[in-house]
Amino acid sequence: MKSESSKLTSADAAIAKFKNAFEHALYYRRGQAAQSASENDCYVALAYAVRDYLIERWYKTTQTHFETNPKFVYYLSAEYLIGPQLTQNMLFTDTTNTAHQAIRQIGYDIDRLVAQDVEPGLGNGGLGRLAACFLDSLATLDIPSMGYGIRYEYGIFNQAIKDGWQVERPDEWLLLGNPWEFPQPDNMVEVKFDGHTEAYTDKKGNYRVNWVPNYIVRGQPYHILVPGYKTSTVNMLRLWGARASREFDFEVFNVGDYARAVDAKILSENITKVLYPNDNVPEGQKLRLKQQYFFVACSLQDIIRRFKLRNNDWDQLPEKVVIQLNDTHPVVAIPELMRLLVDESQLEWDSAWRITQKTFAYTCHTLLPEALEKWPVALFQYLLPRHMEIVYEINRRFLDVVRAYFPNDPERIARMSIIEEGQDKKLRMAHLAVVGSFSVNGVAQLQSDLLTQHVFADFYALWPEKFNNKTNGVTPRRFVKLANPGLADLITSKLGDGWLNELNRLEQLEQHIDNADFRRTWRNVKQQNKQILADYIREHNGVQVNTDSIFDVMVKRLHQYKRQHLKALHIITLYNRIKANPDIDIVPRTFIFGAKAAPGYVMAKLIIKLINDIANVVNNDPVVKDRLKVVFLANFNVSLAQKIYPAADISEQISLAGKEASGTGNMKFALNGALTVGTLDGANIEIRDRVGAENFFLFGLTTDEVFALKERGYNPREHYDRNSHLRQAIDQIRSGYYSNGNTELFKPLVDGLLDHDPYMLLADYASYIEIQDRAEQAYRDVDQWTRMSILNTARCGFFSSDRTIREYCDDIWKVKPVKVEV
């Protein structure tokens with residue numbers, strides 16, 4: 001009895017402590033009385049109360065790192081989709097139950113306060129979410145590290161659907177402030193732009209260059225705490241906001257030109273105003289390059305400042321610092337570090353280049369040529385004149401190396417050059433990344449192989465030791481524990497605690513697969529999650545869906561290579577079957593889409609319109625009788641993803657083989673027990689290898705078959721002519737069947753498929769329909785489907801971002817954990 005009383009007392013003390021922290025934050029930090037406080041006031045107070053639990057850990061982490069002077073990982077990424085912070089930080093501080101009880105006792109509805117937690121939209125898709133998963137794992141594994149990025153005032157747009165079309169609205173995530181960030185105006189740095197260079201000879205007779213800028217912008221850091229799970233480590237994400245070096249011109253104001261008095265402020269702050277300005281226009285392209293250089297220049301100054309706190313020998317920089325470039329956006333960091341070393345610190349070129357090459361590592365996230373950034377040399381030289389000179393010198397010396405290894409091969413020289421020659425010269429940022437880094441990795445085995453065989457084949461021939469694979473992973477803390485608490489509790493009941501940090505332990509679930517009660521509970525958890533999503537769909541889309549139907553889900557960034565329009569053709573095919581035979585025996589399906597199209601991507605927006613127009617026809621046809629429902633969920637983000645992944649029965653991963661770098665949504669679905677319908681593309685291959693071919697619905701051309709078909713000459717009309725079901729579906733779209741008789745609306749889409757079809761939808765259509773029919777038959781056997789679902793979860797422990805980060809630490813970064821004791 002004494003033990004039970006002690007536990008009660010301890011719990012009560014924790015609740016009382018939390019109540020005091022909440023009330024203190026409300027009164028003394030928010031400046032509000034309980035009687036007049038709004039829900040947002042109470043949310044901010046709750047956030048501060050939770051954040052305070054991290055402060056001591058963060059302080060101790062900083063102190064430990066200063067005392068031990070370890071090697072640091074600095075992760076440079078233009079995107080971070082960190083998701084809502086409140087529930088995550090309650091989990092990571094072990095205050096979830098305490099907070100719920102404390103807030104309830106005070107008299108507030110904590111669910112309503114949690115709903116106030118705004119999600120920072122600081123990314124566009126998988127790239128930003130992966131970066132956030134990596135920060136989680138770095139902290140959880142006690143790796144000294146920091147993320148750097150941009151504090152976009154307006155993140156990825158909020159998406160609405162109006163008359164079937166995507167409508168972009170500003171993401172005002174900072175409108176009411178952000179309680180999770182710490183502004184650091186004392187650590188502002190200066191960033192130069194434009195201007196010209198002046199050569200001179202230093203006192204030792206060395207050739208030197210001075211950059212004279214036209215204007216200077218200040219970068220103000222804001223840091224967000226990044227805690228580890230079940231550890232004391234709290235790292236940081238440091239985001240940069242742009243400020244003018246002179247925000248207000250008093251003389252101009254005094255003569256009555258009030259607008260021009262703040263021109264400098266507006267022009268400077270525009271740099272971090274919006275995530276990825278539309279670069280279809282020259283000004284947008286210029287602003288995007290400014291963004292990239294701004295955050296890189298700020299970050300490198302900060303990295304060097306931190307390095308110099310405990311070190312003074314430049315040769316030690318690669319021993320204490322490794323900088324990971326997350327795709328090509330931060331690659332301008334390579335010439336910037338050279339500028340800082342050669343121009344600012346007066347190092348000799350060879351020494352500076354040796355240090356630079358040993359400091360940077362590069363991750364390539366794509367196989368699409370258009371995603372391997374190229375900047376017009378004229379624009380780059382205008383904005384960054386000194387960097388252009390440095391790039392030319394890097395390229396000159398690099399091509400000398402190529403000539404030495406491959407003499408008399410001018411075509412190879414042209415292919416490998418950092419500068420793409422032509423009427424409008426381009427700077428190939430991916431080439432610069434490979435040349436300036438000691439490591440180049442892909443993010444799934446197939447993509448890494450294709451990088452060495454095709455994209456970077458010439459570089460691989462020169463430097464095979466640079467290239468490696470690091471298959472992506474996802475954090476199970478957010479995408480299982482937070483997203484799917486019912487499943488997490490079921491797993492814990494069988495495996496005990498600790499599996500969230502040792503995800504390979506999921507394989508022990510296979511020991512329970514023959515237990516009928518376990519399978520029944522597994523199905524019940526899935527059904528509860530489907531009901532949660534069904535309620536959301538009814539509230540936000542006004543559509544009633546059948547939770548006993550197959551939840552067939554495709555949520556991801558909208559791009560033609562991801563082939564959401566192939567899914568649309570499948571829906572039309574099933575719809576036509578019902579229309580032809582109203583009594584057909586068909587398993588009901590709910591098709592769930594979520595995707596944002598880039599504002600300037602016309603074809604992607606047209607595909608969204610097509611999906612919504614198909615939904616309008618199918619959902620309102622009395623012949624269908626609710627056997628098919630099509631739903632497009634607007635504004636897909638991390639918060640919505642946490643509702644969708646746990647509810648899915650089928651995960652659609654149907655990109656053309658050889659186009660998707662990895663994908664991480666495929667991993668999140670599988671970990672939550674969804675079965676994949678997919679091609680042999682990206683990480684699908686590795687998922688299939690682990691879960692077993694019998695638990696994966698494979699279709700479509702292989703990468704080798706895609707290359708061979710293109711080599712022979714692909715004619716999409718042959719498939720259109722041969723397949724009557726495909727022909728019927730395409731003819732319906734073209735005829736205006738789904739667009740109120742408008743035959744022009746989808747003409748660009750149809751013509752593109754019939755005349756070009758670069759992503760080979762028509763070639764894969766028959767195989768796709770066949771595998772979907774097999775998936776339907778499999779779903780009819782409820783017990784067998786449950787077994788397959790369990791095996792998908794049990795065999796996907798490999799896809800933890802903890803495993804990925806361990807591989808980076810061991811193979812690339814050469815860093816060790818540093819335990820923090822509190």
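Biologist: Why is lysine 668 called buried?

Modeller: First, a caution: this is a predicted model. Lysine 668 has a relative accessible area of 4%. Buried means under 20%, so lysine 668 counts as buried.

Biologist: Where does lysine 668 lie?

Modeller: In helix 25, residues 665-671. Lysine 668 also lies over the face of phenylalanine 479.

Biologist: How do you know that lysine 668 lies over the face of phenylalanine 479?

Modeller: The distance to the ring centre is 4.4 Å. The cut-off is within 6 Å, and within 35 degrees of the ring normal. Lysine 530 has its charged end over a ring too, that of phenylalanine 551, at 4.8 Å from the centre.

Biologist: How far apart are lysine 668 and proline 179?

Modeller: In sequence, 489 residues. In space, 28 Å from C-alpha to C-alpha.

Biologist: Turn to the rings. How many aromatic pairs are there?

Modeller: The search of the whole structure gives 30.

Biologist: What makes tyrosine 148 and tryptophan 240 a stacked pair?

Modeller: Their ring centres are 6.5 Å apart, and their planes are at 10 degrees. A pair needs centres within 6.5 Å, and stacked needs planes under 30 degrees apart. Therefore the pair of tyrosine 148 and tryptophan 240 is stacked.

Biologist: Which parts does this pair tie together?

Modeller: Tyrosine 148 is in strand 2 (residues 145-150), and tryptophan 240 is in strand 10 (residues 234-244). The pair therefore ties together parts that are 92 residues apart in sequence. Both tyrosine 148 and tryptophan 240 are buried.

Biologist: Why is the pair of tyrosine 779 and tryptophan 785 called edge-to-face?

Modeller: The planes of tyrosine 779 and tryptophan 785 are 75 degrees apart, with 5.0 Å from centre to centre. Tyrosine 779 and tryptophan 785 are both buried.

Biologist: What makes Phe398, Phe456, Phe459, Tyr460, Trp463 and Phe467 a cluster?

Modeller: Ring pairs link these residues.

Biologist: How do you know that phenylalanine 699 is buried?

Modeller: Its relative accessibility is 2%. The limit is under 20%, so phenylalanine 699 counts as buried. Its place is in the loop between strand 23 (697-698) and helix 27 (703-712). Phenylalanine 699 and glutamine 772 are 73 residues apart in sequence, yet 9.2 Å apart in space, C-alpha to C-alpha.

Biologist: How do you know that the span of helix 22 agrees with its number of residues?

Modeller: Helix 22 covers residues 564-580, which is 17 residues. At 1.5 Å a residue, the span should be 24 Å. The end C-alpha atoms are 25 Å apart, so the two agree.

Biologist: What makes helix 22 mostly covered?

Modeller: Of its 17 residues, 14 are buried. In helix 16 (residues 429-436), eight of eight are buried. Among them are Met429, His431 and Gly436.

Biologist: How do the lining residues of the largest cavity divide?

Modeller: Into nine nonpolar, two polar and two charged. For the second largest cavity, the lining divides into two nonpolar, five polar and three charged. That second largest cavity holds about 60 Å³. Its lining includes Met554, Lys556, Glu660 and Asn684.

Biologist: What volume does the second largest pocket have?

Modeller: About 1400 Å³. Of its 45 lining residues, Pro84, Val114, Ala115, Ser639 and Lys643 are closest to the centre. Elements that give two or more residues include helix 2 (39-68), helix 20 (485-495) and helix 24 (638-644).

Biologist: Which helix gives the largest share of that pocket lining?

Modeller: Helix 21, with six residues in the lining of the second largest pocket. The whole lining of this pocket divides into 22 nonpolar, 13 polar and 10 charged.

Note on methods: Residues numbered from 1 in each chain as written. Predicted model: local features only at pLDDT ≥ 70, side-chain atom pairs only at ≥ 80, totals over all residues. Heavy atoms only, no water. Phe/Tyr/Trp six-rings, centres within 6.5 Å; stacked < 30°, edge-to-face > 60°. Helix = DSSP H or I, 4+ residues; strand = E, 2+ residues; numbered from the N terminus. Buried < 20%, exposed > 50% of the residue type's maximum accessible area, 1.4 Å probe, protein only. Nonpolar A, V, L, I, M, F, W, Y, C, P; charged D, E, K, R; others polar. 1 Å grid on protein atoms, 1.4 Å probe; cavity = no way out; pocket = protein on both sides within 12 Å on 5 of 7 lines; lining within 4 Å. Points joined across faces, edges and corners; volume = space filled by probe spheres on them. Expected span 1.5 Å × (residues − 1).
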